[in-house]
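Work through the exercises below with the model open beside you, and try each task before you read its solution.

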Amino acid sequence: MTNIARCLPLYLLPVLVLLFSACTAASYRDAPPVTFSADGAVSDARGAAVSTTEDSVSVTITAGGTYRLTGTCQNGSVVVDCADAVVLVLDNLVLTNPTGSCIASVGEGDLTLYALSGTESTLRDGTGYVFPDALTDEPDAVVFAKSDLTLSGDKDGICHMIAYYKTGAATKDDLTVTGGNYTVSSIRHGIRGRDSVTVTGGYLAIEAAADGIRTTNDRPGKEGTVTISDGHVTITAGDEGIQSISDITITGGTLTIDSTNNGIKTDAGKLEITAGTVSITAPDQPVIAASTEHTGGELTVNGTPFAD
């Protein structure tokens with residue numbers, strides 16, 4: 001697409017983007033289905049095996065590729081265990097796992113969730129996780145990835161994540177939001193990226209009893225960061241709206257935070273705002289950062305606009 005775009009007049013680029021998006025959505029809609037039901041699941045996809053017990057159904061994906069998940073199940077899960085990248089297309093999927101993650105990627109391959117146009121999916125965990133052994137406390141989120149996790153999709157593709165145990169979406173590497181319409185309701189944290197959380201598009205609405213967005217890597221030289229360059233992010237948090245080990249950078253998009261404690265917190269990093277619209281409501285300290293640099297965009301703190 002990049003090489004073609006270089007040869008086209010600028011006024012045709014939006015048309016090319018729309019055509020590319022339409023082709024992507026169409027190919028995802030035609031991806032081989034894995035269909036959940038009250039009785040179990042049926043897989044029409046190579047690399048996706050179904051295991052059913054008296055109490056639950058599990059789908060294990062062992063080959064890279066694109067899989068379309070649909071149907072309703074009150075005691076089901078998806079485990080991705082492979083070295084290659086996997087795309088899971090959410091097509092009106094309603095999945096509950098009372099004893100663990102709804103979707104867990106435990107292999108080395110990256111995981112992408114794609115919320116399909118015109119669909120609404122719901123992923124929900126329970127209050128008590130059952131881990132493989134006493135030394136393991138992962139996976140620990142409604143959607144969990146050992147490697148990179150991307151939340152994507154069409155503008156009218158909706159996915160709700162409801163976390164009764166700990167976290168809505170979490171990864172041990174980088175978490176990126178590129179599209180789709182995602183809502184996260186969590187008893188603790190909204191989304192967690194160990195190394196980074198990046199938002200480049202889409203709609204993300206978080207209601208969390210603790211932190212809305214957080215990073216956790218505190219290794220020297222590899223501290224976790226948060227970057228928002230586009231999209232719409234709304235956070236209602238009982239603790240910090242955004243908490244990051246290191247820098248928080250906002251270069252575009254719309255960010256609205258309503259938190260009980262701090263709005264944005266990075267003890268060791270810098271908060272930099274160069275563009276976009278940022279509104280923070282926080283009764284304690286709206287911003288805690290080693291340094292703050294506001295050179296562009298609109299910033300409102302507790303109802304008061306701040307100039308550049």
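The exercises that follow concern a predicted model, and each solution goes step by step.

**Exercise 1. Strand β16**

Task: Work out which side chains of strand β16 (residues 181-186) are buried, and find the strands with which β16 pairs.

**Exercise 2. An aromatic cluster**

Task: Classify the ring pairs that Y129 forms with F131 and with Y165, and state whether each of these residues is buried or partly exposed.

Solution: A pair of aromatic rings is described by the distance of the centres and the angle of the planes. The structure holds 4 aromatic pairs. In one of them, the rings of Y129 and F131 have centres 5.9 Å apart and planes at 45 degrees, so this pair is tilted. Y129 has a relative accessibility of 11% and therefore counts as buried, whereas F131, with a relative accessible area of 21%, is partly exposed. The rings of Y129 and Y165 lie 4.1 Å centre to centre with 20 degrees between their planes, and this pair is stacked. It links distant parts of the chain, because Y129 is in the loop between β10 (120-125) and β11 (141-145) and Y165 is in the loop between β13 and β14 (167-171), 36 residues apart. Y165 is partly exposed, with a relative accessible area of 27%. Taken together, Y129, F131 and Y165 form one aromatic cluster.

**Exercise 3. The surroundings of T266**

Task: Decide whether T266 is buried or exposed, and find which backbone oxygen its side chain reaches.

Solution: First locate T266, which is found in strand β25 (residues 264-281). Its relative accessibility is 0%, and because buried means under 20%, T266 counts as buried. The side chain of T266 reaches the backbone oxygen of S246 at 2.7 Å. Leaving aside neighbours within four places in sequence, T266 is in contact with S244, I245, S246, D247, I248, I288, A289 and A290.

Key:
Residues are numbered from 1 along each chain as its sequence is written. This is a predicted model: local features need pLDDT of at least 70, side-chain atom pairs count only at pLDDT 80 or more; totals for chains, interfaces and linings use all residues. Side-chain values use heavy atoms; hydrogens and water are left out. Buried means under 20% relative accessible area, exposed over 50%, partly exposed in between (1.4 Å probe, protein chains only). Helices (H or I, at least four residues) and strands (E, at least two) are DSSP runs, numbered from the N terminus. Two strands pair if DSSP finds at least two bridges between them. Rings of Phe, Tyr and Trp (its six-membered ring) pair if their centres lie within 6.5 Å; planes under 30 degrees apart count as stacked, over 60 as edge-to-face and the rest as tilted. A polar contact is a pair of N or O atoms within 3.5 Å; within protein, one must be able to donate a hydrogen and the other to accept it, and residues adjacent in sequence count only if both atoms are side-chain atoms. Contact means heavy atoms within 4.5 Å.
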